[in-house]
Every structure is written in structure tokens, then in C-alpha cells.
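User: I'm new to this one and would like to get my bearings. Could you walk me through it?

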Amino acid sequence: MIREALARLAEDHVDHRFKGLPPDADGLTVGELAAQRRNLFREADGFTTPILALSAERLEHNLALMETYTARHGLAFAPHGKTSMAPQLFHRQIEHGAWGITLAMPHQVRVARAFGIQRIFLANELVDAPALRWIAAELAADPDFRFICYVDSERGVELMDAALRGAARPVDVVVELGAGEGARTGVRTAAAALAVADAVAGVETLRLVGVAGYEAQVPGATPERVREWLERLVALAVELDEAGRFAGAGEIVVSAGGSEWFDAVADVLAAVPELSLPALRLLRSGAYVSHDDVHYSRLTPFNRVPEEGALEPAFRLWAQVVSRPSPAEAFVNGGKRDAAYDLDLPVAHVVRRNGTEHPAAGIEVSALSDQHLWLRTGPDADVEVGDWIGLGLSHPCTSFDKWQLIPVVETDGTVVDFIRTFF
């Protein structure tokens, strides 16, 4: 079933839905176009700008690096799938040792299940009754399906229980510990966590299996503050275990980990004391799959632990110079519809002209319009109308979502595959 679902992606036909693909490829299947191994940069092969490309070599490097990192630190890994919403990448992550996939919304769970994902961690309290009933049906139909979601309120327990009455299997939940006052979701105190755990114990439709949270929401996050919060999370797991709240769980989940502090998560979760059941130390970092050139390039924990390796930015947006109205400015045909801009502006890396590349010296992205990037050009900028500009991006989560079909490109420009996204 999984193989068939993925194969169907290659059977979809290329047409106007997909940006940047060769116009003469209309009517081919995605698989047929990939098999032609066209070159992104060869004019005769027909790719148009703007186009987002994913480096084949860097993607594989990042997948392998996090596989070895999590194995070395004794962590189970459920990378956050909302980053890419690409089932092909979900399965490559699982092939590289991931325990399962983290998601945030019911629709995302439906996508993952349509492509055979068997372990899903939903990093949200789920109180949508139709979605809960659908989850219950999935659990009833597939005994191998493992689903875990947050719970952070007694009212949430009440709503979940009402929607799940009569379900064949209870839904596994973890108490979410908030990162502090002014942070996002989650209980704020151990007393509130115990009250939620008691509420779960009082219904048959839910089963408490652990604790979780998101350390990047710690106000004024520093290594010390993040570690302090993670230690609170571990202490909560111990307290709930001593209170007998994980009876029947099979294992106790202790989960954290975005893409900024997974080194601290690895250190603190390694010190989880012996519990009444085996501990599943579950890391959920997702941005690593493509990494980026600005935000996570600055914040990745590998900057603090360089001996553990380094992620590589795998995205490059190619856009073409369409106007050079003055020596101090140029405009390219990619904009907010094509490039992430919620955290940082794109960064110009290279200029490509007549089959050769040179560094984008003296070129700075100064603004974005819907369909244009504004380039500020200095005296040493060598850029002309018609040049392709290779741009690095910030924040992969809002890069993937602008592209339905993304070519996977080898270093020489050969397109070897296409990644389909579902946002």
C-alpha cells in the first residue's frame, strides 16, 4: 500500500499546476519527466524561473547526519512533518531511522495516513470532534497504527472524551508542559499537570503515556533557561509516574525538541532516571531536512557542538533578472509567492550567465514584492538582465509551502526526482 501510494505521485501528470516546469513537459507523468534527467540550467531542457530546487546531495547528507546524531544520543526521532508536508520525505526520514512523524493539524495526519505512516505524534491538543472520530476509526481499522497527541486542559479531556465515546481503542495522550508565562500552549504548573492527568485517568477513551513540550518557547531562551525547563519536564514525568498515572502505558514518552535546542534536549533526556516503564526519549526536530541559509544556519545546535557534524542548506531558489533600471538596483522575477520572508529576506549567492557561475558579490536582497525581489547592487556587482540569481532562503517551513512540486537536483543541475508537497 505504501509503495503504491508513493508510486501514484509519479503517475500524476505535469501541467500548469506546477511552477517552473518545462512547458513542453505537459502531459508527461512526473515519473517520466524525472526519468528524462533534464538539466535545470540547460535552456533546451525548458525549466523556467522562478524555480525552487532541492539539492540531492545535501538532502541525503542532512538525513544521514540526524540519523547518526539521534542514534548516538539514544533518542527516538519523530521529525516534524509540517516542515515539508512531503510524504516522500517522510518515508526517507523513516528509512533513516525515524521512529515516526510529528504533525500539528488533523489534515496533516490525514495526509500522512494516506501514505502509510504508522506512528504519528500530534503536537497539539486535539478537540475537533470529527477529527477525533476519524482518528478513532483509523485506530480501530489498523492495530499497528500508533497515535499520540497533547492534552493540556481538563476541558480538553472532556471534549475528547465526548467525541471518542464508544471508540474501540483509547487515544494515547501526553500532558503538555508549557514553557512558561507568555509562552504558547501547555499547562503552566505541575499542579495543573496533575489535574489534567487525573482527568485523563477518569475517562476510558484516553490513556496517559507521557509528557511533552516545546523548549524553544521558553521566554528569553538561553542554554541555562532551556535546560532548566527540560529538567522540569523530566521531573514532571517522574512525579506522574510515582503517582501511578502511566499504568498500562507500555512505555513512558518524554518528548521535546525543535531545531534550535536539540543538543540540550539530548543532554537532559539522557539523564531521565529509571521509571516504572521503559522511557521513550522522543526528539521532534524537523527543519533539518532542508536546513536553511539564515535562521537555522545561525541557530542550529551544531554551531555549539561542531564536533558532531554540520547540516547543509539544501534549498536554492533560482530567479531571473528582468530589470536593471540603474547601477544601484536590479529586479528578479521571484517574490513573496515563491520565497520565504517571514523571518529573513533571501540571500543572493551566485549569478549564472551563459552556463557559468560567479559569486553574487555586491548584491543584496533589499525587499520583496509579490512577484519581485528587489536587489541593491554595489559598484562591484556583475549582474545583467537575463542572468539567473541563485538565492539562499530562511525558514524551510515557509519555503516548502509555496511549491507543490520541487525538483531534486544534483550538483551539475541534473534533475533526478520531484518532491510533492501537501499543504
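**Helices against the sheet**

Analyst: Helix α8 lies across β5, β6 and β7, and runs at about 155 degrees to β7. Please keep in mind throughout that this is a predicted model.

User: Which strands does α5 lie across?

Analyst: Helix α5, made of residues 106-114, lies across β3, β4 and β5, and its direction is at about 175 degrees to β4.

User: OK, and in what order do the strands of the open sheet come?

Analyst: The open sheet has eight strands in the order β2-β9-β8-β7-β6-β5-β4-β3, and their pairing is parallel. Its edge strands are β2 (76-77) and β3 (101-103), each of which pairs on one side only.

User: How many bridges join β5 and β6?

Analyst: There are four bridges between β5 and β6, which pair in the parallel sense. As for individual residues, Cys149 has Val173 in β6 as its bridge partner.

User: Switching to α7, which of its residues are buried?

Analyst: In helix α7, which spans residues 154-164, the buried residues are Gly156, Val157, Met160, Asp161, Ala163 and Leu164. Seen down the axis of α7, these buried residues fall within an arc of 165 degrees, so they line one face of the helix.

User: What follows α7?

Analyst: Helix α7 is followed by Gly166, which has a positive phi, near 85 degrees.

Terms used. Residues are numbered from 1 along each chain as its sequence is written. This is a predicted model: local features need pLDDT of at least 70, side-chain atom pairs count only at pLDDT 80 or more; totals for chains, interfaces and linings use all residues. Side-chain values use heavy atoms; hydrogens and water are left out. Buried means under 20% relative accessible area, exposed over 50%, partly exposed in between (1.4 Å probe, protein chains only). Helices (H or I, at least four residues) and strands (E, at least two) are DSSP runs, numbered from the N terminus. The arc is that of the directions from the helix axis to the C-beta atoms. Two strands pair if DSSP finds at least two bridges between them. Contact means heavy atoms within 4.5 Å. Axes are lines fitted to C-alpha atoms, for helices over the stretch in contact, and angles run from 0 to 180 degrees between N-to-C directions.
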